[in-house]
Each structure stands twice: as C-alpha cells, then as structure tokens.
Amino acid sequence: MNLDKLTRLAKPILLAIGAILLIALPFYGSQYTITTFVRIIYFGFLAVSVGFLLGQGGMISLTQTAFFGMTGYAIGLLGYERGIPFPWPDLIGIGIVLIAATLVGLVSLRTYGLTFLMITLAFGQVCWAFATQNTTLLHGWSGFRGIRPFVLFGIDFRNSANFYWMSLVLFALGLYILWRIVHSPFGLALNGIRENPRRMRALGYPVYWIRFVAFLIAALYAGIGGILAVYYSGLIAPPTIHLSRAIWALLVVILGGSSYFWGPVVGTFVAIWLEVLISQYTQRYLLFVGLIFVIVVLFSPQGILGIIESVLRKRHLWITGWLKARTALVASGSDKAEERPGKEVMKKG
Amino acid sequence: MMTGPDQKLALSIQSVSKSFGGVQAVRSVSLDVPVGERRALIGPNGAGKTTLFNVVTGELPADGGRIELFGVDITHKSVQERAKMGLARTYQISQLFLHLTVEQNLFLAASANRNMEFHLLRPWRRYRAEQEWVFQVAEQVGLTDYLHAVVSELSHGLQRQLELGMAMAMRPRLLMLDEPAAGLSPTERTTLISLIRNLPREITLLLIEHNMEIVLDLADRITVMNRGTVLAEGTPAEIRANEEVQRVYLGSSYA
C-alpha cells in the first residue's frame, strides 16, 4: 500500500522537477546548453513525426525530412530573400507541407511496409535532388544562410533564451495535442490498422483515410520542427533534407523505443547529448554513437524506454516480494524479520 | 423491397454461385434462415462453406444469384454496409489486434460504423456508452477478468472467446461463426459451447463446424454441403437418419 502511494506520488513530483529544470534552463545553463536543447526540440519535432507514424500507425516513412526542409525553404525564399513579414512565409510553408503530404500520401498510402518505405524514400530523394539542382530559386548547394528570427509583441526571438522558451512552449503544446490524438478513438483505430488492417476494413473502418489523416498530422509536426530549425540555425541547405537525416530520425525513434509515446523524445535527447559529449573527445563520434545504438537495440528491441520499463518492473516485483515476505514473517511470529527475510520464508514454505 | 414473408427471414440466399478460375467453389446454393434460428452448416473440407460465408459477408463478390439480409437485397452492398445492417462474423483463424488489450479490441469492434474514427482529441475511454457495452460483451464471452490483458499473451481458448466477443460487440442481428472451436482443448471447447449457447436467442446464428457434438448441441437445423452444393437440410434427427449424408460425411457412428 505504501509502495503504491509512493510510486503514485513519485511520478508527478519528478515531472514537476523536470518541468522547472527545463523552464529555468537559461538561468543556469550555458549558451551552448541552450543551443543543444533547442536542437533537441526541433529535431524532436522531426523524431516525433517519424515516431508517430512508426509507433502508432506502423508506417516507416523516409520522407519526413522533406517536410522538415520545406518550411525552412519557404522562410528562406519568401521571408529572408523577398522580405515578406512573419508569419506569412511560415504559414505558406505549412501550407506547402500539407499539399505535398496530401500528394505523397494519396499515392503511398495505398501500400504497406516495404513498398510504402520505398515510395517515401523516392519522394524524399526527389526533394533533395531538386534542392541541390535548383540554383535560380533555392541556390543549389549553398541554400540560404543568415536567416534571423522575428520580433513579435516586443519579444526579440533573436535572443536565444527567448527562442528557447518559445520552442519549449511549442514542443510541450505539440506533445500534449499528440498525446490526446494517440489516446482518442482515432489513435486507437490507427493502432488497429498497425496490428491488422484487414480486420479493420472488415469492421468497416475507412483504413485509407485514417492513415491519410495520420500522415498529414505527422507532416505538420515535421514542418513545425523545420520552422524552428531554420530560425535558430539561420541556415537551410540540401544537407538538412539529406537521406542520412531521415535515417537518423528513424534510428533515434528506435533508440528511444518506437512503441512508446515518449520514445522519439527520449531518443532525440540521448542521441544529441551523446553526439555533443563524445565529439569533445574524438572526431569519430558517429562511430561511438552508432556502437551505443547497436548495443541498446541488441539488448532491448524496445529501446531505452524498454530497458527502463523492465528494470522498474523487476524492482517493483522485488520490493513487493520483500514486503510480502516481511509481513508473512511478522505474522508467523518470527523476530528475525530484519535478517534475510526471503530465505526464512522459503525454509518455512 | 421489404415484402411481408421475407422479413421473417434473417438470411435468404438464392442460387448463389462463386468460382475461382476453373473451380466452382459454390454452385447455385439456396438457403433460408428464419430470424432467431440457430443453423449449422456442415460438410467435408472443400465443400464451399467458408466461401459461402465470404460471399454472404461481402468479402468476396458473388458470381450470380441474390442474397437478402432481413428482407433487403444486399447482393451488391459493401462489407461495411452489410456490417451496419447487423451482420457480423468470426474467422476460422482469429483476426485479432494482437498487441492491444482485450478492452481495446472490443472497443474497436464496438465503435465500428459509429462515425467516431475521426474524433481526434477526446480520449476513447471517455465514451461511456461504448465502454458500458464493452463490459457487457466481455461478461457475455467470459473475459471480464482479462480486459486489460494484451491479446498476444492470452491462451488460444481465450483468444477464441475474444474472437466471438469481437463479433458480438458489433451488435449483430445475424452472427456467422466460422469454426468457433477450431483447435481448442476439450475443456476450452466446453466453455466456448456454453458461451455460444447462452448468447441472446434473438440473434440469428449461422455456424460452420466440423465437430458433430457441437453441431448437435447448438443447432436447431442443419444444412449439409458437399462439392459446392446443398446436399440435405433438416433437423439434427433428420440429418442423422439421412443415408446420403452418412455416406459422404458422418460415418457410421452417428447412424
């Protein structure tokens, strides 16, 4: 009973401490830490986009980075170069993302599994090739650099603390909305399609359109991440939407635990901090990040959160087992309750 | 469309055929099942029973003939439309959502065709009416204690009970069971038979089953199929006495 109370209390307390630490970050963290956290947030949006499709809908998509880059290019082309004021380039960017997702979705969502993966890969590669080869509008390899954030309601988002807080609010809001979506009848139907699309169709669900809406939602999240990325880094160029980034997002989701809601967030957090920490010691940090990834997935196909869950469950069992053994001993009148309680009970049993 | 006598029929199949390439799986089969009856469909392997099921549910289109559900022509209606009219089925091989819980499985069946699938922001647990219905169905199929269990961790017997529950959750008026007891142990089979026997009587039942114990226990009438056609139809006693049926199917022990 006490244990249950404790675990029930522990969760909100830990969450509150975590939230305070995150909000207060600019007061105790270095500039570099703030930058790292902003990167975690915008790549987090990308990972959440990939993770939502994979974890909830069973769709492996390699095209989310294209949506991530589209908003960036819209801001570079319309805002930075043509001087159209905020928020119009951003909204147009989101509009382009939704139109592109509609087109790709209508074609690719007729398929499942590997075929779906190949079609999304093809679209991602087309976007990348277009960005590298179009010199008149998108400036080919050099892209756009020197993009600065906006000033809104007197708040200057060129200040990195302000930008961090805005990103944090957006991310929290985005995750809250996605949490609601995942636990809605729509989210459950998406899970049903992941498990058994044929049965869902026989039950009368519009399988195609449910996947379509999920695809649009995911594209929207990637697009929002792209907006934050282009403002903070000041840069949008083909490497941002390169295939390696799409695969990185997929690996990060698996690293965190693709079947968990928080998997993409945890995966991004760990992957980016690993990169930051290991790159202080060696240029070949990617090798070590890769090794750690392999080790985690080898021991836990459900990623980091899978490891944490199994550890917690075992601990929980161990503690309740110990409590039960103790009560049994006390009940049987033994005064050796403090010493080796488990073994005593076994002898008597 | 809605003629008087037909409304007393839950299902009326009129000279329905279905071929796969050169193979005629179902040849001009006619079959009437009155409302509230429990009908068993028996016959050797390859007799066309499951094909007939798939044609009735709309999963396969009929090559010819006419199918009426509660007096309404459904020959050209989609699976979804037929489901909405009160037709539900179970599968010979369980078609469940393996990594979801029993409760989630039943909820997906209970909320099918209710235009809820695009509700994006309200938690599914807050849909009280569907939730209540899920609990009620879980009780009917003996799964109340397993609501929060993940389906892949259930025994085969419990999975078959859930397969029955999935169909029941769709609030069927005509329930079609394709070998509900396939692969069950004797104890599991007893449980499942009593669950089926205790289903509400107003639900019309059409049942494919190889196990004669189950058929004789549950069915009001029996239709025997062989090589895609109807061989005989009658009460269990009549079917047991029918010599032709004995020859192709039953064997001497039921004579």
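Phe45(A) touches Phe171(A), Gly174(A), Tyr221(A), Ala222(A), Ile224(A), Gly225(A) and Leu228(A), leaving aside residues up to four places away in sequence; contact here requires C-beta atoms, placed from the backbone, within 7 Å. The model is predicted: local features need pLDDT of at least 70 and side-chain atom pairs count only at pLDDT 80 or more, while totals for chains, interfaces and linings use all residues. Residues are numbered from 1 along each chain as its sequence is written, and chains are lettered from A and ligands numbered from 1 in the order in which they are written.

Phe45(A) and Leu106(B) have the most contacts inside the largest nonpolar core, which has 159 residues.

Between the chains, 27 residues of chain B are in contact with 21 residues of chain A. On the chain B side, α2 (79-84) and α3 (102-110) are the elements that give two or more residues.

Chain B itself is divided into domain 1 (5-86 + 172-254) and domain 2 (102-165), with bounds from an automatic or database domain assignment. Twelve residues of domain 1 of chain B are in contact with ten residues of domain 2 of chain B. To this side of domain 1, α6(B) gives the most, with four residues.

Key: Core = buried A, V, L, I, M, F, W, Y, C linked by C-beta atoms within 7 Å. Buried ≥ 20, exposed ≤ 12 C-beta atoms within 10 Å, placed from the backbone. Contact = placed C-beta atoms within 7 Å.
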